[in-house]
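Work through the exercises below with the structure open beside you. Try each task before you read its solution.

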Amino acid sequence: MNWTLSPRLRRYGPIALVCLLAAIAYLNALAGAFHFDDAHSIVENPWIRSFRYLPKWLADTGAFSVLPQNQDWR
């Protein structure tokens with residue numbers, strides 16, 4: 001039997017392994033609740049519902065949050 005690895009597997013295997021390990025490490029975060037600024041930045045923010053507002057995300061700080069005191073660049 002010849003146990004040599006194909007060039008594709010040697011090249012992309014480590015990358016796939018790192019991606020798989022990262023996905024496994026962060027898998028439990030998907031069931032977590034929102035915290036801190038997530039309510040006003042994500043849950044209540046109407047500007048993140050569609051990609052058609054992408055120019056607004058990049059040009060207007062008002063698209064970041066529904067709270068005026070938190071409408072700034074990050």
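## Exercise 1: Alanine 63

Alanine 63 counts as buried, because its relative accessibility is 5% and buried means under 20% relative accessible area, exposed over 50%, partly exposed in between (1.4 Å probe, protein chains only). This is a predicted model: local features need pLDDT of at least 70, side-chain atom pairs count only at pLDDT 80 or more, and totals for chains, interfaces and linings use all residues. Residues are numbered from 1 along each chain as its sequence is written, and side-chain values use heavy atoms, with hydrogens and water left out.

Task: state where alanine 63 is placed and which residues it is in contact with, leaving aside neighbours within four places in sequence.

Solution. 
- Step 1. Find the segment after α3 (54-59); alanine 63 is there. Helices (H or I, at least four residues) and strands (E, at least two) are DSSP runs, numbered from the N terminus.
- Step 2. Leave aside the neighbours within four places in sequence: alanine 63 is then in contact with Asn45, Trp47, Lys56 and Trp57. Contact means heavy atoms within 4.5 Å.
- Step 3. Now take leucine 5, 58 residues from alanine 63 along the chain: their C-alpha atoms are separated by 50 Å.

## Exercise 2: Leucine 17

Task: name the element that holds leucine 17, and state its relative accessible area.

Solution. 
- Step 1. Look in helix α1: leucine 17 is found there.
- Step 2. Read the area. Leucine 17 has a relative accessible area of 48%, so it is partly exposed.
- Step 3. Go to glycine 32, 15 residues away along the chain. The C-alpha atoms of leucine 17 and glycine 32 are separated by 25 Å.

## Exercise 3: The whole chain

Task: describe the order of elements in the protein chain, and state its radius of gyration.

Solution. 
- Step 1. Count: the protein chain has 3 helices and 0 strands.
- Step 2. Order them from the N terminus on: α-α-α.
- Step 3. The radius of gyration is 21 Å, well over the 11 Å that the globule rule gives for 74 residues, so the protein chain is more spread out than a compact globule. The radius is taken over C-alpha atoms, and the rule is 2.2 Å times the number of residues to the power 0.38.
- Step 4. Check burial. Of the 74 residues, 11% count as buried.
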